[in-house]
Amino acid sequence: MTKIALFPGSFDPLTNGHLNLIERSTKIFDKVIVGVFVNTNKTALFTLEEKLSTIKAAVNHLENVEVITQETKLTVESAAELGADFLIRGIRNVKDYEYEKDIAMMNQHLAPKVETVFLLADKTYAHISSSLLKEVLKFGGDVSEYLPKAVNEVLNQKNREMKPNE
């Protein structure tokens, strides 16, 4: 039996913390599908196309990873269509756990055969989030050490376009 896992998220932007979780997941599952989903509670910095291209570039060294998008379905519905019996979620702290636990319980109610697997964030990345990095970027801070190269390049280009006269 092939073990397929879906790692859903808005990935706006994909961080090295996300990438670390993806890399670790490839050692557990036969196939890992990174699903770029819409978070209706967030305003996106990256376009869907930018997310796809940067994530694909960041994971191109991983043979058993696929990147997809999904904007209109529940995560568990996508998992079923993809043949994924597992959802991967990263946990940085107790606050993440409380949030993710509730989602996992709802997903279990909606799709009892889909199991949520929590992976603890690597200590190097446990303090970062896409939202925090966007906030630092807004005020001109350097977050390049927390981003895959392809993501950082797109962010730098966006910054140049937003400040053409500087």
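Predicted model: local features only at pLDDT ≥ 70, side-chain atom pairs only at ≥ 80, totals over all residues.
Me: Where does L74 sit, then?
Reply: L74 is located in the loop between β3 (65-70) and α3 (75-82).

Me: Is L74 buried, partly exposed or exposed?
Reply: L74 counts as partly exposed, because its relative accessibility is 45%. L74 also forms a nonpolar surface patch with M106 and L110, and together they have about 280 Å² of accessible area.

Me: Moving on to α3, which residues are buried there?
Reply: The buried residues in α3 are T75, V76, S78 and A79. They lie on the same side of α3, because they cover an arc of only 155° around the axis.

Me: And what is on the other side of α3?
Reply: A80 and E81 are exposed on that side.

Me: What covers the buried residues of α3?
Reply: The cover includes the strands β1, β2 (31-37), β3 and β4 (86-91), as well as the helix α4 (94-110).

Me: What follows α3?
Reply: G83 follows α3, and its phi is positive, near 75°.

Me: What about the backbone of F11?
Reply: F11, in the loop between β1 and α1, has a positive phi of about 45° although it is not a glycine. Most residues other than glycine have a negative phi.

Me: Is F11 buried or exposed?
Reply: F11 counts as buried, because its relative accessibility is 3%, and buried means under 20%.

Technical notes: Residues numbered from 1 in each chain as written. Heavy atoms only, no water. Helix = DSSP H or I, 4+ residues; strand = E, 2+ residues; numbered from the N terminus. Buried < 20%, exposed > 50% of the residue type's maximum accessible area, 1.4 Å probe, protein only. Patch = residues over 30% accessible without salt bridge, like charges linked within 9 Å, V, L, I, M, F, W, Y side chains within 5 Å. Areas by Shrake-Rupley, 256 points an atom, 1.4 Å probe, with all protein chains shown as cover. Salt bridge = Lys/Arg side-chain N within 4 Å of Asp/Glu carboxyl O. Arc of directions from axis to C-beta. Contact = heavy atoms within 4.5 Å.
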